[in-house]
Amino acid sequence: GRIEVAAGRGGHFPLEAVLNGEPVHFIVDTGATTVALSREDARRVGIDPARLSYTGIAMTANGQVPTAQVTIRDFALGEVRDQNVRAVVIDGDLGVSLLGMSYLSRFARVSFEGNRLILER
């Protein structure tokens, strides 16, 4: 139930999760409300971005972008596994998927110790 992530270049915390059996690279983003998938990552985990209804809006560094609500059937982060995790697919040039607060709040403790992010259940 404890996951430690070392800071990468630029001080961001990159990590890999396995969604529906496929590895996905994320950047931890405490400023993001939810898990946000790029169109490419959504496609790789079995979600067809072309068939989604982009009815939401998200604010990004590049301005407003349309979003579509999705549910990720199986979400594994290290030894931690969750089912039916809500997320959005961003209809824009996200570049990398974001692990936001909707997922981070599933942990009992989220802390920063030096250049490490600590997640504990």
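Three strands make up an open sheet here, in the order β1-β10-β9, with antiparallel pairing. Its edge strands are β1 and β9 (109-113), since each pairs on one side only. On average, neighbouring strands of this sheet are turned by 15° against each other, direction ignored; the axes behind such angles are lines fitted to C-alpha atoms, and angles run from 0 to 180 degrees between N-to-C directions.

This is a predicted model, where local features need pLDDT of at least 70, side-chain atom pairs count only at pLDDT 80 or more, and totals for chains, interfaces and linings use all residues. Numbering starts from 1 along each chain as its sequence is written, and side-chain values use heavy atoms, with hydrogens and water left out.

**Strand β1 and its partner**
- Strands are DSSP runs (E, at least two residues), numbered from the N terminus, and two of them pair if DSSP finds at least two bridges between them.
- β1 (residues 2-6) and β10 (residues 116-120) pair in the antiparallel sense over 5 bridges.
- R2 has E120 in β10 as its bridge partner, while A6 stands opposite R116 in β10.
- I3 and V5 form the covered face of β1, and R2, E4 and A6 the uncovered one.

**The largest pocket**
- A pocket is an open set of points on a 1 Å grid over the protein atoms alone, where a 1.4 Å probe fits, with protein on both sides within 12 Å along at least five of seven lines; lining residues have an atom within 4 Å of a point.
- The largest pocket holds about 420 Å³ of space, counted as the space filled by probe spheres set on the points.
- Of its 22 lining residues, A58, M59, T60, I90 and L98 are the closest to the centre.
- β5 (56-60), β6 (63-77) and β7 (80-90) each supply at least two residues of that lining.

Definitions and conventions. Buried means under 20% relative accessible area, exposed over 50%, partly exposed in between (1.4 Å probe, protein chains only). Helices (H or I, at least four residues) and strands (E, at least two) are DSSP runs, numbered from the N terminus.
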